[in-house]
2 protein chains.
Amino acid sequence: MDGQIEPISNIAAELNRLPGIGKKTALRLAYYIASMPLEDARDLAVSIWNGRKAIRFCECCGNYSAGELCAVCADEKRHNGQICVVRDPRDVSALERLHEYSGLYHVLHGTLSPMDGIGPDDIRIRELLDRIETEQVSEVILATNPDVEGEATAAYIARLVKPLGPRCTRIAHGVPVGGDLEYTDDVTLVKALEGRREM
Amino acid sequence: MDGQIEPISNIAAELNRLPGIGKKTALRLAYYIASMPLEDARDLAVSIWNGRKAIRFCECCGNYSAGELCAVCADEKRHNGQICVVRDPRDVSALERLHEYSGLYHVLHGTLSPMDGIGPDDIRIRELLDRIETEQVSEVILATNPDVEGEATAAYIARLVKPLGPRCTRIAHGVPVGGDLEYTDDVTLVKALEGRREM
């Protein structure tokens, strides 16, 4: 970041490493931070550092957690026999926002991707199977993303889970609500037709 | 930021206070920070806090500076009798990027704006006049923004500076290079015509 004084170019360089924050945005933010009252800049820095330090993984489901167990796993009412399997903690937060699902989660922290050298032992599949053996699990909902890796991961897990007893379900593919048939890609349209339901 | 664990919602809330960072972006960044290695999160926090602490104002021109004088004021070669008057430190950085201007700066830290209660005593006009009296100043280049407040501020300063001796100039208005006459607003076109030069 040429032509800037060092403190500003340092801030900009660090912000530039965040996703979606390009050089120009990073510099604009660095200048804004330079103009902030000292205590506001401290609050920002402290929230990042203390926040990051406080984040750990739930020992049961692998979600982000402030304590040993995340809020979902710690809630007795959520132990209803359902486990929803997702890739990332942020998928949990997307599903929790709906206030629709009342079971537990299992965060894989990745999806199978032989191209990137990510195999079954690199994501939390073993932990899922352990949970199925020790907890009362009636249904495993596979909610990995509807992309190649997500589908492969869901298929792989289903093959391992079914012999253990629980139902295995996959989230529905179809036309997004508010979408337009004309602009929906062919694969999605085929899935939407296949997945049609009685009205 | 509902449904998030506290450390993540704290980070998101602080990031949300930055300009151009909405709730969704703040949350996305907070999740990214949560997934960062601990030392990277520390580097980010430390750069913000140490950076902000290290930033002070140049005692001469008012630009951001790491020391008593900014790099421009500290450079003897830049004392050529020209002072370029701008609103913000970031305007200095925009002009320095060009490597075209070889004089000094004066940062007003604002523009006159009676609507917002900002009068001549609230921005660094007094300091500019002091500099003209003590330094050898041959030209004051008024480079405030070409908006209502910027024009009014430039006109106000010119009226005070001219009796003291230096030339007063204003940056040119006109059609931006690469722009299109058809899509240029009328006021700019009028200024471009008025400011025409021999070829």
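**The interface between chain A and chain B**

In this predicted model, about 4500 Å² of area is buried between chain B and chain A, and carbon and sulfur atoms give 72% of that area. On the side of chain B, the residues that lose the most area to chain A are Ile48(B), Arg52(B) and Tyr64(B), which together make up 15% of what that side buries. In terms of contacts, 44 residues of chain B meet 44 residues of chain A.

Polar interactions also cross this interface, where 13 residue pairs are found in polar contact and two salt bridges are identified. A salt bridge is formed by Arg17(A) with Asp40(B), whose closest N and O atoms lie 3.3 Å apart. The side of chain B that touches chain A draws at least two residues from each of α1, α2, α3, β2 (64-65) and α5 (89-96) of chain B, and the largest share, 14 residues, comes from α3(B). By class, this side of chain B comprises 26 nonpolar, eight polar and ten charged residues.

In soluble globular proteins, nonpolar side chains tend to be buried together. The largest nonpolar core of the model contains 42 residues, among which Ile8(A), Leu15(A), Ile33(A), Ile8(B), Leu15(B) and Ile33(B) touch the most other members. At least two residues of this core are supplied by each of α1 (6-15), α2 (23-35) and α3 (38-54) of chain A, and likewise by each of α1 (6-15), α2 (23-35) and α3 (38-54) of chain B. Leaving aside residues up to four places away in sequence, Ile8(B) touches Ile55(A) and Tyr64(A) in chain A, together with Leu27(B), Ala30(B), Tyr31(B) and Ala34(B) in chain B.

Key
Residues are numbered from 1 along each chain as its sequence is written. Chains are lettered from A and ligands numbered from 1 in the order in which they are written. This is a predicted model: local features need pLDDT of at least 70, side-chain atom pairs count only at pLDDT 80 or more; totals for chains, interfaces and linings use all residues. Side-chain values use heavy atoms; hydrogens and water are left out. A nonpolar core is a set of buried Ala, Val, Leu, Ile, Met, Phe, Trp, Tyr and Cys residues joined through side-chain atoms within 4.5 Å. Buried means under 20% relative accessible area, exposed over 50%, partly exposed in between (1.4 Å probe, protein chains only). Helices (H or I, at least four residues) and strands (E, at least two) are DSSP runs, numbered from the N terminus. Contact means heavy atoms within 4.5 Å. Buried area is the accessible area (1.4 Å probe) that two parts lose on being put together, summed over both. A salt bridge is a side-chain nitrogen of Lys or Arg within 4 Å of a carboxyl oxygen of Asp or Glu. A polar contact is a pair of N or O atoms within 3.5 Å; within protein, one must be able to donate a hydrogen and the other to accept it, and residues adjacent in sequence count only if both atoms are side-chain atoms. Ala, Val, Leu, Ile, Met, Phe, Trp, Tyr, Cys and Pro count as nonpolar, Asp, Glu, Lys and Arg as charged, and the others, Gly among them, as polar.
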